[in-house]
Every structure is written in C-alpha cells, then in structure tokens.
Amino acid sequence: MNTKDTKVTEGGLNVTLTIRLLMHGKEVGSIIGKKGETVKKMREESGARINISEGSCPERIVTITGPTDAIFKAFSMIALKFEEDINTSMTNSTVTSKPPVTLRLVVPASQCGSLIGKGGSKIKEIRESTGAQVQVAGDMLPNSTERAVTISGTPDAIIQCVKQICVVMLESPPKGATIPYRPKPASAPIIFAGGQVRADTILASAGNHTVLAQPQPAPKA
C-alpha cells in the first residue's frame, strides 16, 4: 500500500474535514479583504467553507471545512496572502531577512499525541519532509481541550505540512468530547457585587458567578 503524499487526495482520505486556525485581528482583516472580496474569492476558488468567528476579540477563529483537496487549496491561498503581506511590509522596511509565513492551527489535545508521535518521531518526520517548522504548545488553550500548533515556513512548506497533519488527524480521530477554544473579547473585567473582579469569567456563565458573588437574592423587579 503506497501512502506517500501523492495519495493524500486520492482513495479514502478525500473526506470532509474541519481545520480551525487562530488568527490575530490584522491577519483576519487581510483574509477578509476590502468589502469581504478576498475571503469571497478564497471560498469560490477553493470550494471550502471558510467561517470567521464574530466578536471584537484580539484573536479570531477561522474555520475551514471541506474535502481535503479544498482545504489544501484554501490553505495555499491563505499562506500566499500572508506572504504577499510580508513582502508588502518589507518594501518600506530596513529588515533584510524575510520572516517566514506563520499559521496557528487549533487541534484537539487528544490528537496532539499522534501528531507528535512516539518520542517526537512523527513531528520530526513532518519537519524533515516538508521543511516547515512545527511546534505543538505544551499547554491547552484557556477553557478548552485544544492546543495551538504553530507552523511556519514558505507557503509551499506550509501546504505540505498541512497535508501531513490532515492525514494524522484523519487516522487518529479525537477521543472523547472536545471543548473548543473561544477567544475572549478584549473588554474591561466585569466587576460583580462585592467588588470581586472576575476577568476570568467574561466568557464563562456570568449568571452563576453573579449568584456566587452576591448571596442575597436579587430584588424582584
């Protein structure tokens, strides 16, 4: 059975998959483009569904869903767009070395073990065969069971790397329920009755915490 890269989009692996990316506001703006033109073009040309989380958060989640070949096409368009942004920013800059394109994937922690492999063997193999840098965060993202996987390199290296990560994710589905990471809004901490600042509960069920912080029943309106 030949399982080389050429077989990724053939045979049984061309199934629908969802990949989640974590992006900063500026990166999201670049992907959306003026009046949403860039993301519209990416959707049309790749055939993948590309959804961007709402909210005025410094970080946003970009969800890409589709058959594996549509996902690879969407990733290649995103990586090339980011490279274009780097080239543009360098034209007026004195920096001589060109920074790599960097993407952050959000992966269920239960799949990270398969991605790292025994003694780091799988991640080493991915790095060596694609030329991309791949790093799996040691800690889970706040209030979730997901970890960030950072990929950096040339657009081509990133696309090859994403293909290999997709294969691992398809071969090792997540175990148990996944609590997805949701970025927090950049707002002031909420101060509940009793003067307790609960910045950590902005996205948690605020209602319960209000009850905890305020033992007396609220007067009926």
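## Hairpin of E2 and E3

In this predicted model, Gly55 adopts a positive phi near 110° in the hairpin of E2 and E3. Six residues lie between the two strands of this hairpin. Strand E2 covers residues 49-52 and strand E3 covers residues 59-67. The strands run antiparallel and are joined by four bridges. Asn51 has Thr63 of E3 as its bridge partner.

## Helices H1 and H3

Helix H1 spans residues 25-32 and helix H3 spans residues 68-91. Their axes come within 10 Å and cross at roughly 110°. That angle falls in the range of 65 to 115 degrees, so H1 and H3 are roughly perpendicular to each other. The crossing is right-handed.

On the H1 side, the contact is made by Glu27, Ser30 and Ile31; on the H3 side, by Ile78, Lys81, Phe82 and Asp85. By class, the contact of H1 with H3 consists of three nonpolar, one polar and three charged residues.

## Helices H3 and H6

H3 also meets helix H6, which spans residues 155-171. The axes of H3 and H6 come within 9 Å and cross at roughly 145°, and this crossing is right-handed.

H3 contributes Thr68, Phe72, Phe75, Ser76, Ala79, Leu80 and Glu83 to the contact. These meet Pro155, Ile158, Ile159, Val162, Lys163, Cys166 and Leu170 of H6. The contact of H3 with H6 comprises 10 nonpolar, two polar and two charged residues.

How values were computed:
Residues are numbered from 1 along each chain as its sequence is written. This is a predicted model: local features need pLDDT of at least 70, side-chain atom pairs count only at pLDDT 80 or more; totals for chains, interfaces and linings use all residues. Side-chain values use heavy atoms; hydrogens and water are left out. Axes are lines fitted to C-alpha atoms, for helices over the stretch in contact, and angles run from 0 to 180 degrees between N-to-C directions. Angles under 35 degrees count as roughly parallel, over 145 as roughly antiparallel, 65 to 115 as roughly perpendicular and the rest as oblique. A crossing is left-handed if the near helix is turned anticlockwise from the far one by less than a right angle, and right-handed if clockwise. Contact means heavy atoms within 4.5 Å. Ala, Val, Leu, Ile, Met, Phe, Trp, Tyr, Cys and Pro count as nonpolar, Asp, Glu, Lys and Arg as charged, and the others, Gly among them, as polar. Buried means under 20% relative accessible area, exposed over 50%, partly exposed in between (1.4 Å probe, protein chains only). Two strands pair if DSSP finds at least two bridges between them.
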